[in-house]
Amino acid sequence: MARSPIDITLPDLSGRRAVVTGASDGMGLGIATRLAGAGAEVILPVRNPSKGEAALATIRQQVPDAKVSLRTLDLSSLDSVAALGKTLLAEDQPINLLINNAGVMTPPARQTTADGYELQFGTNYLGHFALVAHLLPLLRAGHARVTSQLSISANQGAINWDDLNWERSYDGMKAYSQSKIAFGLFGLELNRRSEAGNWGITSNLSHPGIAPTSLLAARPELGRSQDTLGVRLIRMLSARGILVGTVRTAQLPALYAATSPDAKAGGFYGPSGLGHLGGRPAEQKLYSRLRSTDEARRIWDVSEELTSISFPS
């Protein structure tokens with residue numbers, strides 16, 4: 001029996017400029033394609049140019065009149081993030097939507113970014129923190145909505161305040177959870193500071209549930225030579241319509257959070273099915289790890305120190 005389609009209708013995004021990180025494949029590519037199909041001009045900042053060109057071809061095949069283009073970005077390098085900021089600032093076009101979707105997950109052995117930070121913390125969180133800071137003038141000009149993609153992993157673990165870089169005892173899954181908790185705290189604090197400082201942007205959060213994306217697939221550059229048992233199980237369940245979502249349905253919470261007129265500033269959106277693993281997007285109860293405004297201010301201050309980038313006071 002075929003699975004009933006789960007989808008949402010996007011508003012007309014003509015004349016809107018959108019930036020989507022992690023859009024060269026998988027869920028991010030699907031998000032970028034849907035935005036282009038709704039009329040947005042979509043910028044794909046990518047690390048791998050050949051994957052980026054393939055992504056453009058895929059989008060144009062599905063949306064022949066798509067307004068899409070590539071820029072260069074490696075979120076694991078603060079210099080690369082700054083360079084993208086400089087490029088887009090020089091273009092001097094307001095940004096209306098920013099979907100912070102890119103991420104890496106659970107390298108078997110501890111790895112570091114170009115700046116020496118634990119890879120998941122540095123890429124998933126600090127890179128996006130710096131990106132928002134560099135793009136803030138364009139986000140303000142575009143009265144942007146910023147949507148940050150979390151994970152159900154943000155509902156477990158904690159921030160390892162005594163060893164943010166996991167130098168003393170690396171645990172890939174705990175480090176991944178930390179990166180997503182920090183990201184969520186930042187997204188909520190961004191909205192609070194925008195309201196307090198009249199920055200004119202709104203910030204909210206999304207999570208995709210569980211779906212057979214590329215996060216747990218073979219990634220030789222992460223030291224993972226073959227697909228994990230977890231992703232093989234998720235693929236099997238997804239194909240049979242059991243509990244989890246699909247790559248297509250996993251895109252929907254971020255799309256809803258980023259584009260729906262009903263999505264709230266400071267809101268949190270994910271699948272509405274059993275365990276919030278799959279199903280239609282809906283507002284979610286905020287994870288307990290994301291509720292402390294003190295921890296949100298603390299991670300913000302630490303991040304400004306680590307990246308040497310300051311937001312307006």
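Colleague: Which residue stands opposite Ile99 of β4?

Modeller: In this predicted model, Val20 stands opposite Ile99. The pairing there is between strand β1, residues 17-20, and β4, and the two strands run in the parallel sense over three bridges.

Colleague: Thanks! And which way do the residues of β4 point?

Modeller: Strand β4 covers residues 97-100. Leu97 and Ile99 point one way, Leu98 and Asn100 point the other way, and all of them are buried.

Colleague: What about β5, how many bridges join β4 to that strand?

Modeller: Four bridges, with β4 and β5 (residues 145-149) running parallel. As one of the partners, Arg145 in β5 is bridged to Leu97. To get from β4 to β5, the chain passes through helix α4, residues 119-141, and that β-α-β crossover is right-handed.

Colleague: Nice. How many residues of β5 are buried?

Modeller: Five of its five residues, so to speak a mostly covered strand. Arg145, Thr147 and Gln149 point one way, while Val146 and Ser148 point the other way.

Colleague: Where does the chain go from β5?

Modeller: From β5 the chain crosses through helix α5, residues 172-197, to β6, again as a β-α-β crossover, and this one is right-handed. β5 and β6 (residues 202-206) run parallel, with five bridges joining them.

Colleague: Let's switch to helices. At roughly what angle do the axes of α4 and α8 cross?

Modeller: Roughly 90°, and the axes of α4 and α8 (residues 293-307) come within 10 Å.

Colleague: Which residues make the contact?

Modeller: On the α4 side they are Phe121, Tyr125, Leu126 and Phe129. From α8 come Ile299, Trp300, Ser303, Glu304, Leu306 and Thr307.

Colleague: And how many of the residues in that contact are nonpolar, polar or charged?

Modeller: Seven are nonpolar, two are polar and one is charged.

Colleague: Why is Ala282 called partly exposed?

Modeller: Because its relative accessible area is 24%, and partly exposed begins where buried, under 20%, ends.

Colleague: What does Ala282 touch, leaving out residues up to four places away in sequence?

Modeller: Ala282 touches Phe268, Tyr269, Gly270 and Ser272. Another pair to look at is Ala282 and Ala263: they are 19 residues apart along the chain, and their C-alpha atoms are separated by 9.1 Å.

Colleague: Last bit, the overall picture. How many helices and strands does the protein have?

Modeller: Eight helices and eight strands. Of the 313 residues in the protein, 55% are buried.

Colleague: And for contacts with a separation of 6 or more, what share comes from residues 24 or more positions apart?

Modeller: That share is 73%.

Colleague: Great, thanks for the tour!

Notes: Residues are numbered from 1 along each chain as its sequence is written. This is a predicted model: local features need pLDDT of at least 70, side-chain atom pairs count only at pLDDT 80 or more; totals for chains, interfaces and linings use all residues. Side-chain values use heavy atoms; hydrogens and water are left out. Buried means under 20% relative accessible area, exposed over 50%, partly exposed in between (1.4 Å probe, protein chains only). Two strands pair if DSSP finds at least two bridges between them. A crossover is right-handed if, with the strands pointing away from the viewer, the path from the first strand over the helix to the second runs clockwise. Axes are lines fitted to C-alpha atoms, for helices over the stretch in contact, and angles run from 0 to 180 degrees between N-to-C directions. Contact means heavy atoms within 4.5 Å. Ala, Val, Leu, Ile, Met, Phe, Trp, Tyr, Cys and Pro count as nonpolar, Asp, Glu, Lys and Arg as charged, and the others, Gly among them, as polar.
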